[in-house]
Number of protein chains: 6
Amino acid sequence: MISPNVETFIGCDSSYRAADIVLYGAPFDSTTSYRPGARFGPSAIRHESFGLETYSPYQNADLTDFDVFDSGDLELCFGSSEAALADIEARAAEILKDGKLPLLLGGEHLVTLGAVRAVAQKYPGLHIIHFDAHADLRDDYLGAKLSHACVLRRCHELVGDGHIHQFCIRSGERAEFEFAAQHTEMHKFDFTGLAELTEQLCATKEPVYLTIDLDCLDPSCFPGTGTPEAGGVSFLQLLDAIRTVAKANIVGADLNELAPMLDISGVSTATACKVLRELLIALDKGWPGFQT
Amino acid sequence: MISPNVETFIGCDSSYRAADIVLYGAPFDSTTSYRPGARFGPSAIRHESFGLETYSPYQNADLTDFDVFDSGDLELCFGSSEAALADIEARAAEILKDGKLPLLLGGEHLVTLGAVRAVAQKYPGLHIIHFDAHADLRDDYLGAKLSHACVLRRCHELVGDGHIHQFCIRSGERAEFEFAAQHTEMHKFDFTGLAELTEQLCATKEPVYLTIDLDCLDPSCFPGTGTPEAGGVSFLQLLDAIRTVAKANIVGADLNELAPMLDISGVSTATACKVLRELLIALDKGWPGFQT
Amino acid sequence: MISPNVETFIGCDSSYRAADIVLYGAPFDSTTSYRPGARFGPSAIRHESFGLETYSPYQNADLTDFDVFDSGDLELCFGSSEAALADIEARAAEILKDGKLPLLLGGEHLVTLGAVRAVAQKYPGLHIIHFDAHADLRDDYLGAKLSHACVLRRCHELVGDGHIHQFCIRSGERAEFEFAAQHTEMHKFDFTGLAELTEQLCATKEPVYLTIDLDCLDPSCFPGTGTPEAGGVSFLQLLDAIRTVAKANIVGADLNELAPMLDISGVSTATACKVLRELLIALDKGWPGFQT
Amino acid sequence: MISPNVETFIGCDSSYRAADIVLYGAPFDSTTSYRPGARFGPSAIRHESFGLETYSPYQNADLTDFDVFDSGDLELCFGSSEAALADIEARAAEILKDGKLPLLLGGEHLVTLGAVRAVAQKYPGLHIIHFDAHADLRDDYLGAKLSHACVLRRCHELVGDGHIHQFCIRSGERAEFEFAAQHTEMHKFDFTGLAELTEQLCATKEPVYLTIDLDCLDPSCFPGTGTPEAGGVSFLQLLDAIRTVAKANIVGADLNELAPMLDISGVSTATACKVLRELLIALDKGWPGFQT
Amino acid sequence: MISPNVETFIGCDSSYRAADIVLYGAPFDSTTSYRPGARFGPSAIRHESFGLETYSPYQNADLTDFDVFDSGDLELCFGSSEAALADIEARAAEILKDGKLPLLLGGEHLVTLGAVRAVAQKYPGLHIIHFDAHADLRDDYLGAKLSHACVLRRCHELVGDGHIHQFCIRSGERAEFEFAAQHTEMHKFDFTGLAELTEQLCATKEPVYLTIDLDCLDPSCFPGTGTPEAGGVSFLQLLDAIRTVAKANIVGADLNELAPMLDISGVSTATACKVLRELLIALDKGWPGFQT
Amino acid sequence: MISPNVETFIGCDSSYRAADIVLYGAPFDSTTSYRPGARFGPSAIRHESFGLETYSPYQNADLTDFDVFDSGDLELCFGSSEAALADIEARAAEILKDGKLPLLLGGEHLVTLGAVRAVAQKYPGLHIIHFDAHADLRDDYLGAKLSHACVLRRCHELVGDGHIHQFCIRSGERAEFEFAAQHTEMHKFDFTGLAELTEQLCATKEPVYLTIDLDCLDPSCFPGTGTPEAGGVSFLQLLDAIRTVAKANIVGADLNELAPMLDISGVSTATACKVLRELLIALDKGWPGFQT
């Protein structure tokens, strides 16, 4: 009997029941203020992953050694941020309820808010570790409270002062940097301070949500994103940061802002695939820490 | 004294006071369901128009013979369709109040609704002539009532049965074609029937809003659009249709769905510029008919 | 329970058991002599079909009214034409054995040979109707007998004189045109003669294999192919031809030579999707004629 | 012994001595006012011609039946129009002195002036047949007398009233159309009148220079040019025109304004190659008429 | 009252009268020997700057704190280098006469010569600091003395030995490196020596013209330029160099060789925007030093 | 007398007889498993080299000081790996027989096998130094023994354990890394260990074949390749490695896997040209060591 065409991120062939980590895509970019296209990120990552090896020489481990399930993309309503966020939150909540780690593929960065709502609901005292070129701390953007440029500000309303830890930030309004000085722990430009932070969080076993805006990478290695910002980190620096942070008690995560059509060389998508492979392996290696 | 940099559509150097026609751009594409990018349409048209001649050998007239004012782009809120539509409506109402013809540059097709709200308010009994590959008659799209795929359905709620005249339609759900059979006058595939319709509308001098989705053109001559549909009309057919319809009492118009980044050859933008030049000249030639 | 990500051509959601027509992809382009990339054709068609309506206003029918199964892509060996053809033939034979119509998505044109081997085995006296810019009648190409440039020559060895009917041909070596004059029925440049041919084939109910090289289309509407040839037919001409030929007793078919990366506007892929929708509907409408 | 790498337009392998027609490239675009890149035209035509068949089914003839020599590209000085034109003129004069037909590959359209200077020197009473979207009749462009936008005006100064015959023109300033009405024979939009003109020129055996700006083609089939103008002729119309005009006493010719980088699908370059093949065959078939 | 569309570099909204720094664009690339397109640089920088924040976290300052005026692009004659240079010189002289700092946006590097002529006229003993991948010290290029490849050689004729300081140079003919050894101070590959040089120039308060060819950046972070040269500096290195050199008495500056169409990801343009923001802030911070 | 158009890599104008090094191109990519296009690598390198200076400031030497001959591209059979390899081997053998160093331009990496067969035949005890992102040590790929993914495995069968030295490897199946641990000397990620290795090989004067897969470079500086792998080396690191290894007794070399169409900015091709220039100069400087 011939089977229908199933398409998942490479090596993520676990059943849902057996899976530790569940991928879910949020193809949404309606609030993107500059160049849209992040909606195509999750399907491009899935589609192009067949060109990726499942084995990581960096971590000497193979994706197929772990149990990951790829649930495909949500069908989200364009033009209504609130509706889209509700659907994302519901999916995250379902995965969490089943004791699995939800790993969201964006989409623009606003999608993080849906996931964080579900995770913060389950895990009071949640910390957010945020890798990004942009502070994303505006109170509103042209009147919209729900915007990619405000997403960490909205998250701050959920988790409070001192629970947001920002790295690689190199762009924002002056007011955002002033807000950060008061309310978040912001590390400009690179990952300085990440090892110390992780050590503290490991010591207390506090739950951590990890949100990675891929534009933290330098545009030289990741041009395919809506708002490229010169002066970012390298792939190897990001890889180190992921392996560092994965030692903490990560209870949810996301990877966002790949806009594949903006880089027709395909390098950005290939790099996003590789970041996802490394993230999955690092999270899976730290799995027991995930249990609450 | 050195002056600052003013950028308008070529030849549109009238003062606002003297202008008959006022261009206004709506760089919005938040509800685009497939490939976004129409937000960049109006600025690309303006920007690339410097490669266009102001003289039309088709109509033996020159843009500089007429009085057109280009008011630039509105600053619209991404992620909130209702807010964006309100801003578009307000701008259209202001132009109408001053006795001028508002000519809207989209953006995705939803922007038409903002303009039609203002125009229908001023002109009861308004007719809409609609050039498009897509019927745009869905009642909702993934739950959203305000979507590019629903825009003519929303317009129908404003102008009623028999007041929407659709041409070149070659894509839609079966239910949209069934709705059209009941409520609109739909001409599939090309401009058959347009001359007769215009004659009737001229006879009665009824007010007409003209909305042109540039994807009515065949993708061979206009690939730079979010949802290209093979089997469309040629540039010369569209030009003929514009010159035909311009004889009616046109009281408002728009040109939308250029997504310039999707056609890096620049041909789609150059063609949109030329369509706009021909539309402006045709409308201006018919100007006295504009008075109600 | 969350389900895994299934990806099929839009509206092709039948079970294998219930299906009349079975899609299968052959992502192979190893013998392409000029610009490769047709290997990405079938997955691009499947992937981008979500931007296509299932309803056809041309045929007033909906893909979802029919039973089509999409079996995804074969995993073919690059660099060995014989191995790839064997796998294609085996898949076609399996589909035929189950009484269904195999519809192959290429890939370069050589893949047709695998399918024709299986079909000609089941249906002695098979006719081949061939839409293409190129004659594909070389005896060898730089020494290779198995090449896209030789595929109809190899088919001729299977079905014999007078059983190959070529349309739209506008490129080849002089020797290929001389071979055609002796052994095939060649119609240069367009579809002249297709209606008469179909009438004859309908009268005798002879089995027919339909192979469509999408480069029969003019490059203006289909630039995304390895060897574009100016002077081709339009989308509407191809659509008419498909509806004509579908009245014959079609027992197998293919659609090939989309190289999606060569047309980054996406128009070629969107057009291929639309051709496939129309082909599926036309074949399904003529289904009873399919029974042997 | 291994030979060095010779690269010519396909099938143009004659010795210089034996050749009837001599190709020479002018990779110059310094005066292009909009989008440059035509400098890469001749090398792209030569380079991509290996994907072209030498046989023409349109004319049932093969390039290899004729004697054509490809002399490669001139090394021209960017930034000095006069120096570049002098080099082009010298090369054309040398070819003419040897009794051969010079066929120039541009480059921007200004290069024509260099060739016409040499040809008009040898052939008093020269007529120019001009296929183009643009009138190219400005007296100057931003102060420059030597500009692609002025090239036919400069030619008019050499050949006088009634000796320039323009076809397909659909763009220019009003003043250019007024100049044409007085001094040239202009046919707007298409090839209407070409057959009659050719008949007259054949009757008198007057010498003719043929200059083809490839942007006479519609941008749908030829997007790769600096200033695409919607509303042009099709490839088949151009092919017919070439076969018509080749019956006259053609003593020099050029093909220009391919800007290959502007069409990354490669279709424009492939089409230019095919136009050149057909032009070479048509000119060679009419060879005896070339003798003065 | 509705206003016309003004487009300036973001945050440069000063009146001319109040401005310290005046931007002026020179969209010229006629002598570019390899890949043209730098003519589109200044308008692309202005156009895409709306995606840039006005605040710099690197310098903790905001563009809107300063007074910069953007006078748009000059309308230059293509094909005549001398005419274009004269227009650039005149504009620079006018800005200097009004006691403001002229900041030129190219265009190809030859445009620097126009500005340097005006600045050297006002400031005898002028030094030039030159960041570039290429030495630009040829005496002529294919016969042209006015060529991008000769621009520093021409400048040397104005300012003399020891007054040109070159950094990041990694390409040129052997003769150019030999010329440099005699007549300029050349630092190959990077910014080694810049701090020392600046210290000396600060001590003496000598006037300095700063010319930045953006291809000093590595092509990985700046692919959008006519002649990319592997092995360049990073964005952060360039940023450091700008902040260092801005301490000197800068009396004129330029930024050139962005060819935006060569990098369709948009990263190069975004990076050029960011370099310009940082340059404007750095120059404005050092403003009092500007007074002579 | 006008000469025909000869096209070689810039500065490689030696006669075959006088040449020390002979370039030969293998435009083959039939076994590429992901994105094809490396077939266009050698002609793109040759074609775009006219934008490169012949002088190297890194090595203070000029290509024109040496004797290099460019024999153009072989005409290889697509679809038959064995036939293609035989032709490559024959060409390499001929060059070796004439006492010259064969420098192969790929094409996909499989072409190396043809060259290594010839070189290993002449030089028993041959060592292979391999720069690559990928281990290329699979025993077969989807059944094919002759695949780019297996090329070093096939080479290992020729030269045996301990004779293959791999650098920069960062991708492969786990089994390939296990194979390497047993049979090759693999240095992951960078060039660590290369200097020591070269010293040993110099001491013994053992013959060395150098194969450079350009995807050893980071995709940020070399995106134009079929399978880009984040985390690679920089251009300057590669340049250092080449200068280091050139001190050994290099008896054959290749440079492969540029797929120029995948990087439309042209940076990858320009970088490949520069790598080739530096490789040629480095090899030529070490020429006496080449003698056996």
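I started at E:Phe189, which sits in chain E in the loop between β8 (185-188) and α6 (194-204). My helices (H or I, at least four residues) and strands (E, at least two) are DSSP runs, numbered from the N terminus. This is a predicted model, where local features need pLDDT of at least 70 and side-chain atom pairs count only at pLDDT 80 or more, while totals for chains, interfaces and linings use all residues. For bookkeeping, residues count from 1 along each chain as its sequence is written, chains are lettered from A and ligands numbered from 1 in the order in which they are written, and side-chain values use heavy atoms, with hydrogens and water left out.

E:Phe189 has a positive phi of about 80° without being a glycine. Its relative accessibility is 27%, so I log E:Phe189 as partly exposed. My scale is buried under 20% relative accessible area, exposed over 50% and partly exposed in between (1.4 Å probe, protein chains only).

E:Glu257 is another non-glycine with positive phi, near 75°. I found E:Glu257 in the loop between β10 (249-256) and α8 (267-285) of chain E, and at 9% relative accessibility it is buried.

Then I looked up the peptide bonds. In chain C, the bond from C:Gly106 to C:Gly107 is cis, omega near 10°. In chain E, E:Gly106 and E:Gly107 are also joined by a cis bond, with omega about 15°. C:Gly107 is in the loop between β5 (101-106) and α3 (111-122) of chain C, and E:Gly107 is in the loop between β5 (101-106) and α3 (111-122) of chain E.

**Rings**

I have 54 aromatic pairs over all chains. The rule I used: rings of Phe, Tyr and Trp (its six-membered ring) pair if their centres lie within 6.5 Å, with planes under 30 degrees apart called stacked, over 60 edge-to-face and the rest tilted.

B:Phe50 with D:Tyr34 is edge-to-face, at 5.3 Å centre to centre and 85° between the planes. B:Phe50 is in the loop between α1 (41-48) and β2 (55-56) of chain B, and D:Tyr34 is in the loop between β1 (21-26) and α1 (41-48) of chain D, so this pair joins two chains. I get 45% relative accessible area for B:Phe50, which is partly exposed, and 9% for D:Tyr34, which is buried.

Next I checked B:Phe131 and B:Phe191: centres 4.8 Å apart and planes at 70°, so edge-to-face. B:Phe131 is in strand β6 (residues 127-131) of chain B and B:Phe191 in the loop between β8 (185-188) and α6 (194-204) of chain B, so the pair ties together parts 60 residues apart in sequence. B:Phe131 is buried at 0%, and B:Phe191 is buried at 13%.

I also noted one aromatic cluster made of A:Tyr58, A:Phe235 and F:Phe189.

For charges over rings I wanted NZ of Lys or CZ of Arg within 6 Å of the ring centre and within 35 degrees of the ring normal. The charged end of B:Arg153 sits over B:Phe179, 4.0 Å from the ring centre. C:Arg153 lies over the face of C:Phe179, at 4.0 Å from the ring centre.

**How the copies relate**

I superposed copies by least squares on the C-alpha atoms of residues with pLDDT of at least 70 in both. Chain B goes onto chain A with a 180° rotation and 0.0 Å of shift along the axis (RMSD 0.0 Å). The two copies are therefore related as by a two-fold rotation axis. In chain B, the residue closest to that axis is B:Ser30, at 2.2 Å (C-alpha).

Chain F goes onto chain A with a 120° rotation and 0.0 Å of shift (RMSD 0.0 Å). That is the three-fold relation. F:Ser220 is the chain F residue closest to the rotation axis, at 2.9 Å (C-alpha).

**Ser220 in chain D**

I put D:Ser220 in the loop between β9 (207-213) and α7 (235-245) of chain D, and at 15% relative accessibility it is buried. Leaving out neighbours within four places in sequence, D:Ser220 is in contact (heavy atoms within 4.5 Å) with B:Ser220, B:Cys221 and C:Ser220.

**Elsewhere in chain D**

D:Gln166 is in strand β7 (residues 164-169) of chain D, buried at 0%. Not counting residues up to four places away, D:Gln166 touches a list of residues including D:His130, D:Leu152 and D:His187. Helix α3 (residues 111-122) of chain D is mostly covered, with 9 of its 12 residues buried; among them are D:Val111, D:Leu113 and D:Val116.

**Confidence**

The model scores ipTM 0.94 and pTM 0.96.
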